[in-house]
Amino acid sequence: MPEGQVPDTFPLGEGMTAGDMASVLAVIMGLASLCEATAHRLSRLESTLAHMSIPRLMALLADMCPTVSEAHQALAVERLTYRTGPSCRTSPLVPYGDAVIICPPLITPRAVDPIMLRSAAHDSRGFGSIGRELGNRATAWTEWLRATPGALVAERVPATRADGRSAGDLDVVAVDPARRVGLCFEIKWPIEALSLPEAVKVENWATSAARQLDRLREELRAGTATVLLPSGWPPFESIDWIWCVGTPQQLCLRPLPAQAMHVTSLRYVQALGTPPDLATLSDALVRPDLPTEGVHFKVAKRSFPVGGRQVHLDALGLVPGQWRPRFR
């Protein structure tokens with residue numbers, strides 16, 4: 001099964017869930033892998049692309065996805081089939097008469113979430129509900145943080161001004177009452193980037209979230225707003241707070257417009273494993289462990305001919321041995 005960050009129960013509209021779409025994608029990814037393996041074994045590039053009649057594809061899905069209804073199998077294939085409008089990066093099936101062509105270069109397990117979410121959100125009628133569901137994904141951070149020993153965790157913590165008006169809320173808050181250490185997250189859940197322009201958009205989301213969180217932070221520091229922490233928690237002003245923006249997968253190395261603000265991703269912190277305590281996690285967010293050039297990767301120059309010209313580009317080369325972030 002392909003890897004994804006949204007839960008299998010996440011609704012994709014018309015009654016279909018992320019689990020349904022992932023099951024169909026798993027079959028298509030398997031076919032793509034078979035195409036690539038065949039091309040490599042026979043040294044025949046034309047076998048990289050395979051075409052299959054739609055009835056035959058639906059029969060295969062019925063056999064291999066018995067838990068997915070026939071209607072949702074057909075809906076998944078429809079959304080994954082390229083047409084004018086959607087990007088081919090999220091529509092890896094190309095229609096050809098009464099058949100579809102499976103394009104392995106467009107299919108990767110790394111792109112499960114953007115494929116299923118963008119193919120569902122392309123229809124403006126369904127984008128609003130999907131956007132709201134993504135906005136509620138702060139729960140995923142809450143569930144992860146609750147595994148931290150000694151941590152109190154809450155979400156959607158309201159803040160009010162002196163006149164009783166709302167000043168906003170804190171998406172996810174975690175506190176170690178013994179050490180008086182706290183984490184405050186502003187959670188954004190944009191669809192994962194598949195290209196440089198989309199990566200820039202995610203960084204724009206992080207920058208906007210940092211400004212939003214900084215505005216509320218300044219009101220709290222000035223005393224013009226008060227956070228309504230759960231009963232039994234230490235007073236807000238007694239906590240040494242670390243302020244963060246949380247995304248699903250992409251880290252942001254762009255300098256933020258707010259001082260002492262950090263960006264991390266759920267994928268990154270989950271790769272760290274369960275933190276021994278909140279102070280250790282706080283340090284990992286302030287001083288993240290990132291790959292080092294020359295140790296974990298290198299940048300190599302690559303050149304290749306295109307027509308009568310030479311194209312030069314920088315390519316990342318991974319040093320043998322799997323890197324993963326660690327607590328310092």
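Me: Leaving aside its neighbours within four places in sequence, which residues is Ser282 in contact with?

Reply: In this predicted model, Ser282 is in contact with Val181, Leu183 and Ile242, once neighbours within four places in sequence are left aside.

Me: And where is the place of Ser282?

Reply: Ser282 belongs to helix α9, which covers residues 278-286.

Me: Is Ser282 buried or partly exposed?

Reply: Ser282 counts as buried, because its relative accessibility is 6% and the cut-off for buried is under 20%.

Me: Which strands does α9 lie across?

Reply: Helix α9 lies across β5 (166-176), β6 (181-187), β8 and β9. The helix runs at about 50 degrees to β6.

Me: What order do the strands of that 6-strand sheet have?

Reply: The order is β7-β4-β5-β6-β8-β9. The sheet is open and its pairing is mixed.

Me: Which are the edge strands?

Reply: Those are β7 (225-227) and β9 (261-265), and each pairs on one side only. On average, neighbouring strands of this sheet are turned by 35 degrees against each other, direction ignored.

Me: Do β8 and β9 pair in the parallel or antiparallel sense, and over how many bridges?

Reply: Strand β8 (residues 240-247) pairs with β9 in the parallel sense, over 5 bridges. Within β9, Met261 is the residue opposite Trp243.

Me: What do strands of a sheet pair through, in general?

Reply: Strands pair through backbone hydrogen bonds, and the pairing is either parallel or antiparallel.

Me: Back to β5. Which residues is Asp169 in contact with, leaving aside neighbours within four places in sequence?

Reply: Asp169, a residue of strand β5, is in contact with Arg156, Val157, Pro158, Ala159, Glu186 and Leu216 on that count.

Me: Is Asp169 buried or partly exposed?

Reply: Partly exposed, because Asp169 has 31% relative accessibility and that class covers values between 20% and 50%.

Me: How many Å separate the C-alpha atoms of Asp169 and Pro149?

Reply: They are separated by 25 Å. Along the chain, Asp169 and Pro149 are 20 residues apart.

Me: New topic. What is the order in the open sheet of 3 strands?

Reply: That open sheet has the order β1-β3-β2, with antiparallel pairing.

Me: Why is one side of β1 and of β2 left without a neighbour in the sheet?

Reply: β1 (50-53) and β2 (93-96) are at the edges and each has a single partner strand, so one side of each has no neighbour in the sheet. Neighbouring strands here are turned by 30 degrees against each other on average, direction ignored.

Me: How many bridges are there between β1 and β3?

Reply: There are 4, and they pair β1 with strand β3 (residues 99-102) in the antiparallel sense. In β3, Ala99 is the bridge partner of Ser53.

Me: Which strands do α1 and α2 lie across?

Reply: Helix α1 (residues 18-42) lies across β1, β2 and β3, and runs at about 65 degrees to β3. Helix α2 (residues 54-64) also lies across β1, β2 and β3, and its direction is at about 90 degrees to β1.

Me: Now the hairpin. How many bridges join β10 to β11?

Reply: Strand β10 (residues 297-306) and strand β11 (residues 309-318) run antiparallel and are joined by 10 bridges. Lys301 has Asp314 in β11 as its bridge partner.

Me: What about Gly307 in that hairpin, what phi does Gly307 take?

Reply: Gly307 takes a positive phi near 65 degrees. The hairpin has 2 residues between its strands.

Me: Which residues form the nonpolar patch on the surface?

Reply: Phe304, Val306, Val311 and Leu313 form the patch, and together they have about 300 Å² of accessible area. β10 and β11 are the elements that give two or more residues to the nonpolar patch.

Me: Is Val306 buried or partly exposed?

Reply: Val306, in strand β10, counts as partly exposed because its relative accessibility is 45%.

Me: Last, the whole chain. How many helices and strands are there?

Reply: The chain has 9 helices and 11 strands. Of its 328 residues, 45% count as buried. The C-alpha trace spans about 65 × 50 × 35 Å along its principal axes.

Me: And what does the accessible surface of the chain come to?

Reply: About 17,500 Å², with 55% of that belonging to carbon and sulfur atoms.

Key: Residues numbered from 1 in each chain as written. Predicted model: local features only at pLDDT ≥ 70, side-chain atom pairs only at ≥ 80, totals over all residues. Heavy atoms only, no water. Pairing = 2+ DSSP bridges. Patch = residues over 30% accessible without salt bridge, like charges linked within 9 Å, V, L, I, M, F, W, Y side chains within 5 Å. Areas by Shrake-Rupley, 256 points an atom, 1.4 Å probe, with all protein chains shown as cover. Salt bridge = Lys/Arg side-chain N within 4 Å of Asp/Glu carboxyl O. Buried < 20%, exposed > 50% of the residue type's maximum accessible area, 1.4 Å probe, protein only. Axes fitted to C-alpha atoms, helices over the stretch in contact; angles between N-to-C directions. Contact = heavy atoms within 4.5 Å.
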